[in-house]
Structure formats: C-alpha cells, structure tokens
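I open this notebook to keep a record of what I look up, entry by entry. The model comes next, and my notes follow it.

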Amino acid sequence: MVKSYEDALSEILSFISEQVPGPKPRELTENTTLRGDLRMHSDDAEKLMCRYFERFDVSAQNFDFEKYFPEEGEGIIGALLFGFLNRKRPKANPKPLTIAMLAHAASVGAWV
C-alpha cells in the first residue's frame, strides 16, 4: 500500500520508539541513524529490520543488510585470529541507515 512520506515517517517514528530498547536521543527525527544515534548492534538491527519489513509490507529484495551493518569479526576469536595471522582487521565502512530511508521505503512499498 503506497502512502505519503509524512504518514510513513510518523508511523516509523512510533515504531522505532516502541522497538528500540534503552536510552534514545532526545527526539527521534528522520535523520536519526540506527547504528550511530541509537547505537544498535547488528543482531538487534537485524531483528528490527525483519519486523519493519513485515509490519510495513516493504519488499526487502534490494535491501543489503551488510551495507549498513558489515561483519566486523568481533569478539575474542576474531581478535586472536587476526593477531595470530599478523593481519590487519578489514575496515568496515558502514553506510548510515536513517529513519528517513525507512520512511521512504515504507511510502513506496520497496527498498530502493
């Protein structure tokens, strides 16, 4: 169902407020990012995005989760492995995933 960006944004702001645990910025805006502002880790973000695609009936066909939350070889095993192999850890350069992006996709029904 196609809806206006403003309606989608209002619904997404409410959805994010309900779904994201812990402290949030003073005010959620369309420029709020999941990783930076809300300090979401990949596990929580993945769950949130699954709920988002289902609740707002957005096609996830073009959505690339790794673009926003790349695997970083986190944890002690990753640190030991890279240290043992005397290699530098690959640098992750995640793109920001904003509430505006979620609202836009919800307004058109697909990730673009």
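I began with helix H2 and asked what covers its buried residues: the cover includes helix H1 (5-19), H3 and H5. Here contact means heavy atoms within 4.5 Å, and buried means under 20% relative accessible area, exposed over 50%, and partly exposed in between, with a 1.4 Å probe and protein chains only. Helices (H or I, at least four residues) and strands (E, at least two) are DSSP runs, numbered from the N terminus.

Before going on I noted the ground rules. This is a predicted model, in which local features need pLDDT of at least 70 and side-chain atom pairs count only at pLDDT 80 or more, while totals for chains, interfaces and linings use all residues. Residues are numbered from 1 along each chain as its sequence is written, and side-chain values use heavy atoms, with hydrogens and water left out.

I find 5 helices and 0 strands in the chain, and from the N terminus on the elements run α-α-α-α-α. Of the 112 residues in the chain, 33% are buried. Among the contacts with a separation of 6 or more, 65% are between residues 24 or more positions apart. The accessible surface of the chain comes to about 7,600 Å², and 51% of it belongs to carbon and sulfur atoms; these areas come from the Shrake-Rupley method with a 1.4 Å probe.

Helix H2 (residues 42-55) has 14 residues and reaches 20 Å from its first C-alpha to its last, close to the 20 Å expected at 1.5 Å a residue, where the expected span is 1.5 Å times one less than the number of residues. Which residues of H2 are buried? I noted Ala45, Leu48, Met49, Tyr52 and Phe53 as buried. They cover an arc of only 130° around the axis, so they sit on the same side of H2; the arc is that of the directions from the helix axis to the C-beta atoms. An α-helix has 3.6 residues a turn, so residues three or four places apart point the same way. On the other side of H2, I found Asp43, Cys50 and Glu54 exposed.

Ser42 is in helix H2 and is partly exposed, with a relative accessible area of 22%. Leaving aside its neighbours within four places in sequence, Ser42 is in contact with Phe65 and Phe69. The C-alpha atoms of Ser42 and Phe65 are separated by 8.8 Å, although these residues are 23 residues apart along the chain.

Rings of Phe, Tyr and Trp (its six-membered ring) pair if their centres lie within 6.5 Å, and planes under 30 degrees apart count as stacked, over 60 as edge-to-face and the rest as tilted. Tyr52 and Phe53 form an edge-to-face pair, 5.1 Å centre to centre with 65° between the planes, and both residues are buried. The rings of Tyr68 and Trp111 have their centres 6.2 Å apart and their planes at 75°, so this pair is edge-to-face. The pair links distant parts of the chain, with Tyr68 in helix H3 (residues 65-68) and Trp111 in the segment after helix H5 (99-108), 43 residues apart. Both Tyr68 and Trp111 are buried. Ring pairs link Phe15, Tyr52, Phe53, Phe56, Phe63, Phe65, Tyr68, Phe69 and Trp111 into a cluster.

Thr32 is found in the loop between H1 and H2 and is buried, with a relative accessible area of 3%. A polar atom of its side chain lies 2.9 Å from the backbone nitrogen of Thr29. Beyond its neighbours within four places in sequence, Thr32 is in contact with residues including Leu97, Thr98 and Ile99. Thr98 is in the loop between helix H4 (75-84) and H5, and at 15% relative accessibility Thr98 counts as buried.

Arg39, in the loop between H1 and H2, has a phi near 55°, a positive value in a residue other than glycine, and at 66% relative accessibility Arg39 counts as exposed.

Methods. Polar contact = N/O pair within 3.5 Å; in protein donor to acceptor, adjacent residues only side chain to side chain.
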